[in-house]
Amino acid sequence: MGAAILSDLTTEALIPATAVVGIAFALVQWVLVSRVSLSPEKEANGAGNDKNGDSGYLIDEEEGLNDHNVVVKCAEIQRAISEGATSFLFTEYQYVGIFMAIFAILIFLFLGSVEGFSTKSQPCTYSKDKTCKPALANAIFSTLAFLLGGITSVVSGFLGMKIATYANARTTLEARKGVGKAFITAFRSGAVMGFLLAANGLLVLFISINLFKLYYGDDWEGLFEAITGYGLGGSSMALFGRVGGGIYTKAADVGADLVGKVERNIPEDDPRNPAVIADNVGDNVGDIAGMGSDLFGSYAESSCAALVVASISSFGINHDLTAMLYPLLISSMGIIVCLITTLFATDFFEIKAVNEIEPSLKRQLIISTILMTGGIAIVTWVALPSTFTIFNFGVQKTVKNWELFFCVAIGLWAGLVIGFVTEYYTSNAYSPVQDVADSCRTGAATNVIFGLALGYKSVIIPIFAIAASIFVSFSFAAMYGIAVAALGMLSTIATGLAIDAYGPISDNAGGIAEMAGMSHRIRERTDALDAAGNTTAAIGKGFAIGSAALVSLALFGAFVSRAAISTVDVLTPKVFIGLLVGAMLPYWFSAMTMKSVGSAALKMVEEVRRQFNTIPGLMEGTAKPDYTNCVKISTDASIKEMIPPGALVMLTPLVVGTLFGVETLSGVLAGSLVSGVQIAISASNTGGAWDNAKKYIEAGTSAHARSLGPKGSDPHKAAVIGDTIGDPLKDTSGPSLNILIKLMAVESLVFAPFFATHGGILFKLF
């Protein structure tokens, strides 16, 4: 079969070393961002060294403003946003902490009861002639892995939020020196988050495997089954982060837009709007903290799915550590590739004009994909034997190393295809969004119709891309092929996160510029950064949804194998009823999250109206609004409303598996996967298109756009209504659905031993 070139010892050194390099690079980027001062004294002393060509002094359009006051105002607003975001996340984590403790106990009780809490060794699941560690050990270590995954996910989200709130005002101040300076500050800040998350996720997983190995020894089957708890912990926290953060940000956004822009005709992020601070806080807790936890969960689950299948293939049977850790080596190579790619945006090429922003971000995706393809080839060549076997539903399938290369590569390139299709349907540079904007001529109703049609149509090519990658990767390497294809899609996660986080940071920067009373030219620059960020955020969501589909399928395959299901026959009533219920779940979940945003937004609208009507001088700008009350409304609503959707997702596999058994549960997982992916892509792209249609009219960069404007015109008001409807679709329901499909799959896999032994109580009774 041919041994791998890379030794086990080298592998054990390379993976943590790469993670440390990633963390070090993130810290360097943070130091560079921190050089932009929020102190007026340092600001004055620091003028004069400008790499961007606009001279070091504050540029002409800033004349008439007191520079000292601008910096002080920016610092005050930044502090308010940071304090609001930190306060919300601490409140959210208190509730999530209680859930983690309860669910950890459930994992221990369910898995421990498989063998009656026996401490005796048992026959291995896949090799009955061998002896494995007791089920009680699996229960303990799965619980520990769950807690580790949950804590890492929470830390990832929290660090992302702190970095974003640290960088937002600095991006605003740099916009005075040119759009290039502002872009680099926002992008470097995103890179800090991307590299910290990718490196921390890899390092914690690697350390967990090595610590667990001290107990498990040669029982790799038990070891990697327990490690799946890491993915479950990561996605559980991501669900609450995405739903809670999404409800928070969209309640504030909808309230601010409907009253401020539509009713009172004041600009976006106007300091007179009582909901403006809550809106900017929401960008950080939803789009940054929630998104960070979400992509960490995807990474953890795809790694765990690949490791579980590998442990019962020749890699695990022969105790070939280097080949076994192939998924982690792919992630390590991804960190190095993303590091090089980031330098293209921050050092090798310089942004000098607004129209260069979006191409620069797209270039990041293309460069990282091309470099990563070569990186995958190298890792595959040095880490895998020339021929090996992969577990394929009870039989061992012979696979060659070049076939595995194609599995990872097709996942990587499918991600790029999904990204570019998403960009085509959500960027206002192309006809689909321009058509949506044009439909605003005849009012909000036609805008909504065109936007919905765009979202439905945008599903077609991504689904074909996902289907092609599934077919090719399964043909080559069965379920392991699908798992590593998902990993391929996520291999450039550091760059993907940098691009994703850049959007909310730029959005916040624009809000701070407006609130600090900076000139119109500065706001135009931050709006250009934000518009590009909206498109890249949609691309990031496309990646997340595509990878979630592949991860979910890989986990589904591992679950079916672990639960000893020989075939999943859709003509069997047990399976078919599961399919129907599973396909319904994304609709139920979306209804709950949309209603939650609506209820919270209703309270916000009433509060904003109350303040405009009762605070004398608020519209004139002589009195200050009560920002704190709006922040409190968003916080209370999101904490209260995130629990029912979270409970639906977490309890469904437990209830179905326990009462109806593994066959019905397999139907539920398949149904939710097929249905959820379509709704998630459609919702995200519809919302993104409505948002950029509004920005297209506001920017007025073409004759067509100017004919629809300016701000406050009837077409613009129709576009604002479309954008408001799209907010919960693109930032709450859509992104949360990808967590639903993968979380139910990984939870089913973790609890599979219990369901296989004690599940299907109702069918056993009747």
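1. His319 is partly exposed, with a relative accessible area of 29%; buried means under 20%, exposed over 50% and partly exposed in between, using a 1.4 Å probe and protein chains only. The residue sits in the loop between α8 (314-317) and α9 (321-324). His319 has a positive phi of about 55 degrees, although it is not a glycine. Helices here are DSSP runs of H or I with at least four residues, numbered from the N terminus.

2. On provenance, this is a predicted model, in which local features need pLDDT of at least 70 and side-chain atom pairs count only at pLDDT 80 or more, while totals for chains, interfaces and linings use all residues. Residues are numbered from 1 along each chain as its sequence is written, and side-chain values use heavy atoms, with hydrogens and water left out.

3. Ala478 also deserves a look: its phi is positive, near 55 degrees, in a residue other than glycine. Ala478 belongs to helix α15 (residues 460-490). Is Ala478 buried or exposed? Ala478 is buried, with a relative accessible area of 0%.

4. Helices α5 (residues 179-216) and α10 (residues 326-348) pack at an angle of about 170 degrees, their axes 11 Å apart. Axes are lines fitted to C-alpha atoms, for helices over the stretch in contact, and angles run from 0 to 180 degrees between N-to-C directions. α5 is therefore roughly antiparallel to α10, a label given to angles over 145 degrees. The contact (heavy atoms within 4.5 Å) involves, among others, Phe183, Phe187, Phe195 and Leu202 of α5 and Leu328, Ile335, Leu339 and Thr342 of α10. Its residues divide into 16 nonpolar, 4 polar and 2 charged. In that count Ala, Val, Leu, Ile, Met, Phe, Trp, Tyr, Cys and Pro are nonpolar, Asp, Glu, Lys and Arg are charged, and the others, Gly among them, are polar.

5. The largest nonpolar core has 230 residues; such a core is a set of buried Ala, Val, Leu, Ile, Met, Phe, Trp, Tyr and Cys residues joined through side-chain atoms within 4.5 Å. Which element gives the most to this core? That is α5, with 21 residues. Phe183, Tyr326, Ile357, Tyr480 and Phe559 have the most contacts inside the core. Leaving aside neighbours within four places in sequence, Phe183 is in contact with residues including Ala345, Ile357, Tyr502 and Leu529. A second, separate core of 18 residues includes Val436, Leu454, Ala683 and Ile697.

6. The whole structure holds 26 salt bridges, each a side-chain nitrogen of Lys or Arg within 4 Å of a carboxyl oxygen of Asp or Glu. Arg523 pairs with Asp269, the closest N and O atoms being 3.5 Å apart. Arg523 lies in helix α17 (residues 520-562) and Asp269 in the loop between α6 and α7 (276-311), so the bridge ties together parts 254 residues apart in sequence. Arg523 counts as buried at 10% relative accessibility, and Asp269 does at 6%.

7. Asp727 takes part in two bridges worth checking: with Lys250 at 3.5 Å between the closest N and O atoms, and with Lys730 at 3.8 Å, N to O. Asp727 in helix α23 (residues 714-750) and Lys250 in helix α6 (residues 220-263) are 477 residues apart. Lys730 and Asp727 both lie in α23, 3 residues apart, about one turn of the helix. Asp727 and Lys250 are both buried, and Lys730 is buried too. Bridges with shared partners join these residues into one network, whose members include Asp253, Asp530, Asp691 and Lys694.

How values were computed: Helix = DSSP H or I, 4+ residues; strand = E, 2+ residues; numbered from the N terminus. Parallel < 35°, antiparallel > 145°, perpendicular 65-115°, else oblique.
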